[in-house]
Amino acid sequence: MPQQSAERAAFSQRTAEIGIALVFLLFAALVIFDSVRQGARWLEEGPQSGYFPFYLGVIIALASTVTLVRALMMPAARNKAFVQVGQLKLVLSVLVPSAVYVALVGWIGIYVSAVLFVAVFMRWLGKYPWWKVAAVSVGHSVVLFCIFEIWFLVPLPKGPLERLLGLG
Amino acid sequence: MHGFSVVLTPTNLALMFTGVVLGVVIGVLPGLGGANGVAILLPLTFSMAQTPEGQTSAIILLSCIYWGALFGGAITSILFNIPGEPWSVATTFDGYPLAQKGQAGTALTAAFTSSFVGALVAVILITFIAPVIANFALAFGPPEFFSVYLLTFCAFVGMSKEPPYKTIAAMMTGFALAAVGTDPVTGTLRLTYGFTHLLTGFDFLVAVIGLFGIGEILLTLEEGLEFRGTRAKLNMRVVIETWKELPRYWLTSIRSSVVGCFMGIVPGGATPASFMAYGVARRFSKDGDKFGTGQVEGIVAPETAAHAAGTSALLPMLTLGVPGSPTAAVLLGGLLIWGLQPGPLLFVEQKDFVWGLIASMYLGNIAGLIVVLTCVPLFAAILRIPFSVIAPIIIVICSIGGYTVHNGLFDVWMVVVFGVLGYFFRKLQYPLAPLVLAIVLGDNAEASFRQAMLFSQGNMAIFFETPLVASITALAFFLLFWPLISLGIRKLRGG
C-alpha cells in the first residue's frame, strides 16, 4: 500500500544515531588534540591544564564508539524513521525562520527583527488578518523595549531604525 | 517582634508587593537573572537609603524582588520547559511533563507552595541560629568545596532509563564544555582553538535555554503546530486540590529544605541544591522511577531546596559579609553602599534594620505566595495562546536571554545550535540533565579539586583529612552506590 509522501522517513534511526555518534567522536578528537597541546600529565603539584579534558575526551570517544558500533549493528526491525518528511517540514518551518531572525538581529537590531519574526509567523502559519498581525508583533516589541531598555537598562542590539528615531 | 512593627507600615507593604511583582517578571524572563535585576534596581534605592527607615524600606524592596525571582523562575520552567533561572532547571524535569498532562495549575501550585515552605524553613533557621551556623561556613576550604560538588553529582547521577554509554557520553561532554575557556587555576586558554568568542566558555544559561527550551519547541512541532497541555484547569479550585495532596510529601519537603539550607550556607548555591534534592528524592521515593513523567514530588523537592538555599544564602552574608550566592553578593553591595557593615556588629548596631529584614523575609514570602497563587490560573491560561503567536515570542525572549549573557550574538547562535542538539539528544535518548549539571558544576569542581591538590601536593588523602570533608565525601560515595547497596539488601532479605 503506497504511503503518504509526508509519512515517508526523511532519514532513519540508524542514520541519526551514526551521525550523532560521529559528531561526538569529532568533538572528542578536538578535545583530545587541544589537551595534548596543553599538557596532560599529572605533575607534582597536581594535574596539568589538559589532564582532565584529555581523559574526558578519551571517555567520550570510547562511549561514542560503542554507540556507533551498536548503531551499525541495529536490526532492521528497530530501524524505523527518525523523523518523517512531514514532521521534518514542520520542524524546519520554525528552525529556518529562527535562524534568519538571529541573522537579522545582527543587521537591523533585535526589536525590528522581532516584529518581522512574529509577523511572519502569525501571518504565514496562523493566517491572522493583517491588523492583528501588526498589533501583536509591533506591540510585543514595544513592550520588550520598555522592559529591557527603559526599565531594566539592559542594552540589546539595535539597528538603523532606532538610530533614526534617536533611541540609541 | 519589634522587627514586624518596623515592617508593617503601609509604604513598606506597598514596596513588598511591588518588589514581588517585579521579581516575578525578572524570574520569568531568561536574561534578567535574579542578580541582574537586583543590581540594576540598586541605584533606585540610593535616594531611599538616606535615612535609617529608608534603608529598611530599600532592603525590603530588594529582597522582595529576590523572592519574586525565586518564585518566577518556576513559571516558564513548568509552562514551556524553559528555565527562567538556573535553579529552575530541575523543576522542568517533572513540572513540564505535568503541565503537558493538562495539570499546569497543579504543577504551579506545588512549585510555589514548596518554594514558600523552603524559604520559611530557611528564615526560621536564620532567625534562631544565625551565629552558630555562620561559623560553620568558615570551615570550608577547597577540599570541602570539592566534596560538596562531588556530593551533588553523586546524588543526582544514577538510576536513569537511558542507555549507560549515552549517559556517560552526555555527562563527559558537559564537563568538557565546562572546560572550554580560561583554565580556572592557571589562566591559560583551553579548547578555544583561537575563537575569541570562546574566552568565557559556554555559559550554562545559553546551553539550558537552547537544550531545554528551543529543543522542546522543535520536538513538540513534530506533533503539529500546537503546545500540549492546553487543557489546563483554570480555576482556583486547583490550588485547594493541590494543597490537599501536598502534605503527603512532608518528608521530601523536610529533606529538601535541609539540603537547600546546607547548600545555601556553604556557598554551594541554589542550582546545585535543586539538583541534589531532586536526585535524593528520586532515590528514596517509592515512585522513584516515575520521576520525569510528571510526579508532584519531583517538583516539591527541587523547588523547596532552591528556595531554602536562596534564602539561607543571606545568612553568611549578614553575619560574616560572605555572600552565599551571586544575588546575595549584590545585596551585600547594596548594604555597603548605604554605609552598613555586615558582620556581627550589624546585629548590635543596626538592630532595627536586621530585624526589619528578617521580618520582611517572612512577610515578603507570604506576599509572594499570595501574588503568585492568585495568578496561577492566569499563568496557566498563557498556554492557551495560539502557537503561531506564542512560539515566536518565546523564541525572541530566548534570544534576548542568550544575548544578555555576554552582550554578544555568538551566544544567541549557540542557543540555536544547542536547540538543534537538544532535539537530537532527546530523540536519541541522550540524557540532558547530567550534561547540564556537569556544565554547572564543572569549572568550580575542577578548580576546587586542583586547589586542593596544590595544598596537599598531589595527595588525594586530603579529601579524608578532616571529619567534615571525610563525612561529605563518604556520603557522596554512599549516594552513588546506593542503588547497588539497596539491591544487595533486597537480595539478602529475599534470598
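At what angle do the axes of helix 4 of chain A and helix 19 of chain B cross, and within what distance do they come? In this predicted model, the two axes cross at roughly 155° and come within 8 Å. Because angles over 145 degrees count as roughly antiparallel, helix 4 of chain A and helix 19 of chain B are roughly antiparallel to each other. The points below treat this helix pair, the interface between the chains, and features of each chain.

**The helix pair across the interface**
- The crossing of helix 4 of chain A past helix 19 of chain B is right-handed.
- Helix 4 of chain A contributes I110(A), A114(A), F117(A), V118(A), F121(A), M122(A) and L125(A) to the contact.
- From helix 19 of chain B, the contacting residues are S388(B), V389(B), A391(B), P392(B), I393(B), V396(B) and I400(B).
- Sorted by class, this helix-helix contact comprises 13 nonpolar residues, one polar residue and no charged residues.

**The interface as a whole**
- Chain A supplies 51 residues to the contact between the chains, and chain B supplies 49 residues.
- On the side of chain B that touches chain A, two or more residues come from each of helix 3 (34-41), helix 8 (164-179), helix 9 (204-221), helix 19, helix 20 (409-427) and helix 21 (432-456) of chain B.
- Helix 19 of chain B provides the largest share of that side, with eleven residues.
- The side of chain B that touches chain A holds 32 nonpolar, ten polar and seven charged residues.

**Chain A**
- The domain assignment divides chain A into domain 1 (7-79) and domain 2 (85-164).
- The centres of domain 1 and domain 2 of chain A, taken over C-alpha atoms, are separated by 37 Å.
- W130(A) belongs to helix 5 of chain A, which covers residues 130-151.
- W130(A) counts as exposed because it has 10 C-beta neighbours inside 10 Å, and a residue with 12 or fewer is classed as exposed.
- A119(A) and W130(A) are eleven residues apart in sequence, and their C-alpha atoms are 8.8 Å apart in space.

**Chain B**
- Chain B has 22 helices and two strands.
- Of the 495 residues in chain B, 61% are buried.
- Among contacts in chain B with a separation of 6 or more, 80% involve residues 24 or more positions apart.

Definitions and conventions. Residues numbered from 1 in each chain as written. Chains lettered and ligands numbered in written order. Predicted model: local features only at pLDDT ≥ 70, side-chain atom pairs only at ≥ 80, totals over all residues. Axes fitted to C-alpha atoms, helices over the stretch in contact; angles between N-to-C directions. Helix = DSSP H or I, 4+ residues; strand = E, 2+ residues; numbered from the N terminus. Parallel < 35°, antiparallel > 145°, perpendicular 65-115°, else oblique. Left-handed = near helix turned anticlockwise from the far one by under 90°. Contact = placed C-beta atoms within 7 Å. Nonpolar A, V, L, I, M, F, W, Y, C, P; charged D, E, K, R; others polar. Domains from an automatic or database assignment. Buried ≥ 20, exposed ≤ 12 C-beta atoms within 10 Å, placed from the backbone.
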